[in-house]
Amino acid sequence: MATKTLTDKLESSRVLIFNSRDAEVAALLDTMGIDTAYIDEGESLYNETMTLVDQQKKEYQEQSLAYDKFYVEKDVAEAIYKRTLKLVKVLSRSDKDLQNRLGLQNGKVYAIEQWIEGAVDFYNRLLNEADFLTNLAKFKVTPEQLNTEKTAIDALKDLRNQAVVEKGKAQEATRLRNEKLDELDDYCTELKAVAEIALEEKPQLLEKLGVVVPS
């Protein structure tokens, strides 16, 4: 048998708890201590669970949006950076000292945080090379443009941090949701077990609670 989805589990819990208020069902449950206060507790638990389920969905949507925004901005900034880097490498090809000062001999970096820092450092170094900037200007690359490119990459830090924050909030929302789901599951397991005893002579009432009775 296929494993129940979260939606299925929540719907089973809702039917079990809320239909326990049916007058005929409630009367028999009450004989075994399942009174109004007990069902009130279950309804509150169910409602709290649904609130946390909705909150968890919201947090994951916000996480997804934050990462999407980061990667869109990164792709744009990175494409421009690579174009500038290629041009700088070509124009500085005969000046190894300049290439060293610009850090063009550095190895490839894969960690995104280090890549951002490395790219910002490249622009900072480049903007300090006055003579070379004059050469770059011949190819329509100005200090103003370079500063704009650097700012776009530097801004990725905040976007990255925001995405990481949203990820943490989504993980915490999942933890809280799962804790409450466990509480709801324990409650429903107990309610169902007692109901099966209290209503064993009334299988049609058990079915009102979503409990399948073999024919």
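1. A quick term before we start: a helix crossing is left-handed if the near helix is turned anticlockwise from the far one by less than a right angle. Keep in mind that this is a predicted model.

2. With that in hand, take helix 5 (residues 112-127) and helix 7 (residues 143-154): their axes come within 9 Å and cross at roughly 160°. Angles over 145 degrees count as roughly antiparallel, so that's what we call helix 5 and helix 7. Their crossing is left-handed.

3. Who makes that contact? On the helix 5 side you'll find W115, I116, A119, V120, Y123, N124, L126 and L127, facing P143, L146, N147, E149, K150, I153 and D154 of helix 7. By type, the residues in this contact split into ten nonpolar, two polar and three charged.

4. Now the largest nonpolar core, which has 25 residues; L126, L136 and I153 have the most contacts inside it. Helix 3 (36-91), helix 5, helix 6 (130-137), helix 7 and helix 8 each put in at least two residues, and helix 5 gives the most, with eight. If you click on L126, look for V88, L102, F132, L133, L136 and L146, its contacts once neighbours within four places in sequence are set aside.

5. There's also a second, separate core, this one of 24 residues, with L10, I39, A195 and L206 among them.

6. A195 sits in helix 8 (residues 156-198) and is buried, with a relative accessible area of 0%. Not counting residues up to four places away in sequence, A195 touches L29, E200, L206 and L209. E62 is 133 residues from A195 along the chain, and their C-alpha atoms are separated by 41 Å.

Definitions and conventions
Residues numbered from 1 in each chain as written. Predicted model: local features only at pLDDT ≥ 70, side-chain atom pairs only at ≥ 80, totals over all residues. Heavy atoms only, no water. Axes fitted to C-alpha atoms, helices over the stretch in contact; angles between N-to-C directions. Helix = DSSP H or I, 4+ residues; strand = E, 2+ residues; numbered from the N terminus. Parallel < 35°, antiparallel > 145°, perpendicular 65-115°, else oblique. Contact = heavy atoms within 4.5 Å. Nonpolar A, V, L, I, M, F, W, Y, C, P; charged D, E, K, R; others polar. Buried < 20%, exposed > 50% of the residue type's maximum accessible area, 1.4 Å probe, protein only. Core = buried A, V, L, I, M, F, W, Y, C linked by side-chain atoms within 4.5 Å.
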